Amino acid sequence: MEKIYTGKTKDVFKLDNGNCLLKFKDDCTGKDGVFDPGENSVGLTIDGVGDVNLRMSIYFFEKVNAAGIKTHYVSANLDDTTMEVLPAKVFGHGLEVICRHKAVGSFIRRYGDYIEEGADLPAYVEMTFKDDAKGDPLVTKDALEALGVMTDKQYDDIKKMTQGITQIVADDLKEKGLILYDIKFEFGYDADGNVMLIDEIASGNMRVYKDGKYIDPMTLSELFFA
């Protein structure tokens, strides 16, 4: 197989059938040997983290597909920690989409004068450019259109899909006594411009609390599959 991308936590290969293969790795983002999903560089390796991220992604991708929301997920192989996906183009040089049910993290740092930490939010959606050097800057709908990154319809589709997927994840976690505060996604589009959810849906991309206390991603994975 031809490797077409080497990522921090996944490598991407091109398959003969035109699809792509994601190889999940045990490398984790962090700093000074401490796991931190918010960091932009690999800081440590944790045995089995690739497997658990793939398992959670399979679980949620299948639920999202069943709900009629388009994703890139085709199939997965737990034996070699890989996931076959449909080919997709990313928006611009990469875009992250965040859905917030509670006011925490960077939202509070920006808007803390107007809202209390932990306050409810109405499935608030925001987008940021993936740019480590610039600190992943926020970008508005108007800017995305003006820059030619996406169309008005693509933006509206992403927002609606994001809110729907977030509710699926939140409802599932709630059944386990866990509260989803916010979650991060990535989207791409096919040859016809149709939007689809790409990348993964794993514990490192979400902020989850239990009994008012933050649950770190590794503990969350353990609780999820307990």
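Predicted model: local features only at pLDDT ≥ 70, side-chain atom pairs only at ≥ 80, totals over all residues.

Colleague: Is Tyr209 buried or exposed?

Modeller: Tyr209 is buried, because its relative accessible area is 14%.

Colleague: How is a pair of aromatic rings described?

Modeller: Two values are used for such a pair, namely the distance of the centres and the angle of the planes. For Phe61 and Tyr73, the ring centres are 5.7 Å apart and the planes stand at 5°, so this pair is stacked. Phe61 belongs to helix α1 and Tyr73 to strand β7 (residues 73–77), so that the pair links distant parts of the chain, 12 residues apart. Both Phe61 and Tyr73 are buried. The rings of Tyr181 and Tyr209 are likewise stacked, because their centres are 3.9 Å apart and their planes lie at 15°. This pair, too, links distant parts of the chain: Tyr181 is in strand β13 (residues 179–189) and Tyr209 in strand β15, 28 residues apart.

Colleague: Which residues form one aromatic cluster?

Modeller: One such cluster consists of Tyr59, Phe60, Phe224 and Phe225. Some of these names will return when we turn to the helices.

Colleague: How are two packed helices described?

Modeller: The description gives the angle between their axes and the distance between the axes. In this model, helix α1 (residues 49–66) packs with helix α5 (residues 217–224) at an angle of about 55°, and their axes are 11 Å apart. The two helices, α1 and α5, are therefore oblique to each other. Their crossing, that of α1 and α5, is left-handed.

Colleague: Which residues of α1 and α5 meet?

Modeller: From α1 come Val49, Val52, Met56, Tyr59 and Phe60, and from α5 come Met218, Ser221 and Phe224. By class, the residues of this contact of α1 with α5 are 7 nonpolar and 1 polar, with no charged.

Colleague: At what angle do the axes of α1 and α4 cross?

Modeller: The axes of α1 and α4 cross at roughly 125° and come within 10 Å. Helices α1 and α4 are therefore oblique to each other, and the crossing of α1 and α4 is right-handed. On the α1 side the contact is made by Tyr59, Phe60, Lys63 and Val64, and on the α4 side by Ile165, Ile168, Val169 and Asp172. The residues of the contact of α1 with α4 divide into 6 nonpolar and 2 charged, with no polar.

Colleague: Where in the chain is Gln167, and is this residue buried or partly exposed?

Modeller: Gln167 lies in helix α4 (residues 152–175). With 36% relative accessibility, Gln167 counts as partly exposed. The C-alpha atoms of Gln167 and Asp136 are separated by 25 Å, and these residues are 31 residues apart along the chain.

Colleague: Which residues does Glu96 touch?

Modeller: Leaving aside residues up to four places away in sequence, Glu96 touches Glu126, Met127, Thr128, Lys130, Asp136, Lys184, Phe185 and Glu186. Glu96 itself is found in strand β10 (residues 95–102), and Glu96 is buried, because its relative accessible area is 12%.

Colleague: Where is Asn17 placed?

Modeller: Asn17 is in the loop between β2 (10–14) and β3 (20–24). Asn17 has a relative accessible area of 53% and is therefore exposed. The C-alpha atoms of Asn17 and Asp182, 165 residues apart along the chain, are separated by 36 Å.

Definitions and conventions:
Residues numbered from 1 in each chain as written. Heavy atoms only, no water. Axes fitted to C-alpha atoms, helices over the stretch in contact; angles between N-to-C directions. Helix = DSSP H or I, 4+ residues; strand = E, 2+ residues; numbered from the N terminus. Parallel < 35°, antiparallel > 145°, perpendicular 65-115°, else oblique. Left-handed = near helix turned anticlockwise from the far one by under 90°. Contact = heavy atoms within 4.5 Å. Nonpolar A, V, L, I, M, F, W, Y, C, P; charged D, E, K, R; others polar. Phe/Tyr/Trp six-rings, centres within 6.5 Å; stacked < 30°, edge-to-face > 60°. Buried < 20%, exposed > 50% of the residue type's maximum accessible area, 1.4 Å probe, protein only.
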